[in-house]
Amino acid sequence: MSLTGVIVNKVIKLPKVTDFNSYLFVGPHPDDIEIGAGALISKLIRMGKKVSFIICLDGRFGSVNCPLLTGMELVKTRQKEALQSAEMLGVKDVRFLGFSDGGFYDPKELERTLVKTIGEIGPDIIFGPDPDMRNECHKDHIMVGEVLKRIGYLTSFTNIMDEYGAKATDLKAMGFFMTDKPNSYVKVSKADFEKQVKAVFECHLTQYPKNSELAKNVELYMRVRSFDYGLRKFGTHGECFRILDSMRMHCLPEG
Ligand SMILES: [Zn+2]
């Protein structure tokens, strides 16, 4: 990190991931939020924080592991899975925007709908997938992350939100999960992590069929990742994020 970055970060502290009251997690597909931040969400709920989910896309093409379910049948099943999974983590406010999976939507339309929904929820911090993660090759993750990155900062500007016909937020920060540039690590309990594992592998069965090779490999990855990030906070389990407060969200590359 540059000298400016070191000094800025020393003097103007980045807020802690758990410092906020109202959290919004935005996922491209119905299982992404749990994989990217499920253990943190379990912790936030235990702390009494307000947590909302927005799921942008309907997941209609996620049938690789469940070839018998297609189209609207799969969409309905995945909605049920997402609701079950959110309930397991303790989240009651889950909103489905219903855009088609696979990038078949107008990003401008997604932007308008997201802005209005964000205005209704009025979060202190919005989390989404990091669109700049170097290995990210899924169009939906890149598109949803980019839309969030473009509009997050502006949701607290009343005049701009008026143009969308949306309510302004009092947004204090943005957070990115599935990132390769984390700047914040959070210690979570073993119970939080196990809840995350259950939320993914006991609820999203269309994506991770029981005892499948994929489910085993992804669970192993999550266990190793949780241990690795937990160690950085002198714990046994953890998650990592890229957090940008309002100062670091704009014109400040060193943050
Ligand atoms: Zn996804």
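1. The model is predicted: local features need pLDDT of at least 70, side-chain atom pairs count only at pLDDT 80 or more, and totals for chains, interfaces and linings use all residues. Residues are numbered from 1 along each chain as its sequence is written.

2. H7 covers residues 190-203 and H8 residues 213-231; they pack at an angle of about 160 degrees with their axes 11 Å apart. Helices (H or I, at least four residues) and strands (E, at least two) are DSSP runs, numbered from the N terminus. Axes are lines fitted to C-alpha atoms, for helices over the stretch in contact, and angles run from 0 to 180 degrees between N-to-C directions.

3. On the H7 side, Phe-193, Val-197 and Phe-201 make the contact, and on the H8 side Ala-215, Glu-219, Met-222 and Ser-226. Contact means C-beta atoms, placed from the backbone, within 7 Å. These residues divide into 5 nonpolar, 1 polar and 1 charged (Ala, Val, Leu, Ile, Met, Phe, Trp, Tyr, Cys and Pro are nonpolar; Asp, Glu, Lys and Arg charged; the others, Gly among them, polar).

4. H4 (residues 107-121) and H5 (residues 139-151) pack at about 55 degrees, with axes 10 Å apart, and are therefore oblique to each other. The crossing of H4 past H5 is right-handed. Pro-107, Leu-110, Glu-111, Leu-114 and Val-115 of H4 meet Met-143, Val-147 and Ile-151 of H5. This contact has 7 nonpolar residues, no polar and 1 charged.

5. The largest nonpolar core has 57 residues, of which Phe-25, Val-26 and Ile-126 touch the most other members. Helix H2 (residues 32-46) gives the largest share of this core, 7 residues. Such a core is a set of buried Ala, Val, Leu, Ile, Met, Phe, Trp, Tyr and Cys residues joined through C-beta atoms within 7 Å. Not counting residues up to four places away in sequence, Val-26 touches Ile-54, Cys-56, Ile-126, Phe-127, Gly-128, Val-144 and Leu-148.

6. Lys-50 lies in strand S2 (residues 50-57). Lys-50 counts as partly exposed because it has 18 C-beta neighbours inside 10 Å (buried takes 20 or more other C-beta atoms within 10 Å, exposed 12 or fewer, partly exposed in between; C-beta atoms are placed from the backbone). Leaving aside neighbours within four places in sequence, Lys-50 is in contact with Asn-21, Ser-22 and Tyr-23.

Conventions. Contact = placed C-beta atoms within 7 Å. Parallel < 35°, antiparallel > 145°, perpendicular 65-115°, else oblique. Left-handed = near helix turned anticlockwise from the far one by under 90°.
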